[in-house]
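Please open the structure in a viewer and keep the selection tool at hand.

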Amino acid sequence: MSEKIILLINRDSAFLAHTAETLRLAGYRTHTAMDMRGALSVLSSERTGLIICDKTLQDVSGYDLLNFIKKDPLRDCIPFMFLVSAKEQGHALKAFEMGALDFLVYPLAPELLVERVDEVFETTRKSDPPVAHPPVAEPPVTEPPAPVHPHDNGSTDEATVVAVRRVDISRDGVIWLPGKVGKFRGSTLFVETALFGKPGVTLMMRFQLDDGIFVLNGHIKDIRYDDFQKPAWIEMVVREDEAWHRIHRYLQDNTGMPSAEPAQTPDDTFLLHPGALEKTAFRTGPMESVEVRDPSYDQRFYHSLIGKQLDNYRAITLIGSGSMGGVMQGWDVALEREVALKVISYELSSKEKFREMFIKEARVVSRLNHLNIAQIYYIGTSNDIFYYAMEFVDGKTLKELIDQESRLNVLKGLEYLITVCEALYYVHQNSIVHRDIKPANIMINTAGLIKVVDFGVAKTSDSKTKGEKSMIIGSPLYMSPEQIAGLTLDYRSDIYSLGATFYHALTGSPPFEADDYKDIMAQHIARPLPPMKEKNPRIPTPLAAIIEKMMAKDPFDRYKDCQTIANELKSLQTRILKRLRQSSEEKAG
Amino acid sequence: MNKIVLIDCSSEVTSALAELLGEQCSLSNISSEDRIVPEENRMIVLEADASPDAIYLKISRIRAACKFKDIPIIVIKRREDRIPLEHFLSSGATEVLSLDAPPGACRQILRGHLIPNRKPLEKEMAYLVPFIENTVQVLKTTASLEVAFREVYFSNTFRIFGDISGIIGLSGESEGTVAVTLYWRLARNIIARMMNVQEERINAEYIHDGVGELINVISGSTKKRFKGTPFHFELSLPTVVVGSGHQLGHPEGSSIAVLIFDVDDSAFVLQVCLKPKKHLI
């Protein structure tokens, strides 16, 4: 856009005169029109650099004119700004959809008008008319183009090359597409993306850094696509706000490249060799395997099943995965009900010993019938893929609740703990040990009902074969000392893990923390439990005492069963509620 | 018996696959010079050789010949091969495995891909049928094209293979994404018809606006059918993307229906990912 000529279109002659004068003083030439006919007459005779048009003209609506301009191949590249009143800003969306570059809300301060017009000319200065390359195959663009306009803004700075950083790019904040930042200069970023934009189009760019997610706002200044079928390089000018300052620092430091694969977190379930702890850092490979397993193979395996059917179960979508297997939302075509399908990881399912043990235990667990336990419906193999179907719980896990709320309200936590204790008492009465009680395995459905889920590693307490080494299974943050030591487990191990779970839920942090899982496990074995009240003084002393007793290092120092815990908690709950009632009555009185 | 065609594969890859897949599959090894009819096979396997560019081209061609039918294309890399997976996947491959990958993992992944696609549930058809009918209608009225719905499958990947896509986000009672994906030749044809412009005059601006408009009209007309139902949604701005293998960010935990439509000897797809906020799907 080499000419700074603006076409102003509005029914109000006073508005036209006033606005034209403001722009003239800012160094722009203006033409005015009050209707579409007049506007087209100007466009046919003047090389116009910008159209500013009201919503309603004398003869047609501004949309009609916009529509006409955008269908005219000779003029469709002229930037079009829409004028709307403050109360009609919603109309701007329609104008955007029709191809308007921007909108102005009036009444408009003269300096703001000039600033916005300057921005348009600055943005589109180099792209008039846009070069439309024919869609012929060209070698793909593999490098960011050299600074496209090295003298923009009077700057002679070269763009700084950064280690390629993956980002998400969106026009509307709803659909995010991948992109790669290759260079930056000032507040301009050079990004490779498949998003097919136009100069002037506003964009959002999302960076995920260690300290949070930062979203930059900006617009496309220039776009290069040598081959339509390959991603384009776009030059995006970003708004210099707080987010930009953080990203700018990041780009300058050029640190914190994202890791290729997410690391396993200490609340994932682990399977370990007994004795492996002393010899090596923790490995995720179960049993005799000593090679480090690539978790991406599991993910790829689970994804290969989406959209498929295993016996009577259709796999709808992947809900999540851990080291034991992947969980999918499924549909039982025979009984027409939702199910959760757990597909066992390729490595475990290929071990005959594990399969035998698993089937045997699952049979026992499937007999459990309790309101607060997600039931196992079926266990089977299809195309040699080992899976089981269980009750689908639509809701949130306790882990998600903790993540959201930092820590649970004491009364709510107390209620949840009582329910889980009663459910686990029932489980233990049936000679079953869950072995993986943790916040991620306690769900609260949409009706508020608690469900203990994932009995995938549960074990009958009398099933251990003599002389057989037991596997170490569990999640380091919540594992009992005897579990870490690889000893035979009974229901008291679940009591410890439940205590650790609610320690976390009520204080907002797990009982023991460290960067290394090995250190966390060592603390479970040897370090005294940090008092809960130090982390959350609002926890009633008796409740802290109950949880601390649940987490006694020696299983014999813990409660004798979960029902005893539930009874003590209920009694505490009654006392707290009574005190609250009295207190509110006193206030009311 | 699953028919698997191996294209230009070495004896090492052939025997490795025979061992992994057992007797339930019939493997045939052909040359890329031979005529390949993708739809006659349950899976297509290629071996990554010394010339990655040639393999990318082969994959792209086979993927285009599949006309959006969900036929897994598996690339087997040699042991020492360190070529990143992304290039193969972007060209149209479904999965890339290496000869030095754990055999157990490869076996399960291949078997997973060999399982036939599931049929849509009745409740899924409740929201897919309006999209199917409107797509046919929109192409008929705006581009005077006779379009025939062929099939639907549920995708296990977020990738789209095709030359150009128009994508629109959905929000409101339901949330999700709808995307139309076309190959270049058909896109130019449809846009020329829609905009009443000769195909030779179609440039980048027309394509951007045309594909954006196409997805906008399909989604907009379908939206009306859902008024008063849990599937009702509002539309965001259309986004147009180019290049094969781009990924779409669908809402977590939602299934992606891929609707295939035939237009003469060509085809295009509409990906629909719609998830009511109230728990129905």
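The stops below begin with conventions and then turn to chain B.

This is a predicted model, in which local features need pLDDT of at least 70, side-chain atom pairs count only at pLDDT 80 or more, and totals for chains, interfaces and linings use all residues. Residues are numbered from 1 along each chain as its sequence is written, chains are lettered from A and ligands numbered from 1 in the order in which they are written, and side-chain values use heavy atoms, without hydrogens and water.

**Chain B.** Select chain B, which has seven helices and 14 strands (DSSP runs numbered from the N terminus: H or I of at least four residues for helices, E of at least two for strands). Of its 281 residues, 58% count as buried, meaning under 20% relative accessible area with a 1.4 Å probe, protein chains only. Chain B exposes about 11300 Å², of which carbon and sulfur atoms supply 50% (Shrake-Rupley method, 1.4 Å probe).

**Two helices.** Next, select residues 122-143 and 184-195 of chain B: these helices, α5 and α6, pack at an angle of about 55° with axes 8 Å apart. The axes are lines fitted to C-alpha atoms over the stretch in contact, and angles run from 0 to 180 degrees between N-to-C directions. Show the side chains of Leu139(B), Thr142(B) and Ala143(B) in α5(B), which meet Ile190(B), Arg193(B) and Met194(B) in α6(B) (heavy atoms within 4.5 Å).

**Cysteines.** Finally, select Cys9(B), which counts as buried at 10% relative accessibility, and Cys25(B), likewise buried at 10%. The structure holds zero disulfides over all chains (cysteine sulfur pairs within 2.5 Å).

Terms used
Buried means under 20% relative accessible area, exposed over 50%, partly exposed in between (1.4 Å probe, protein chains only).
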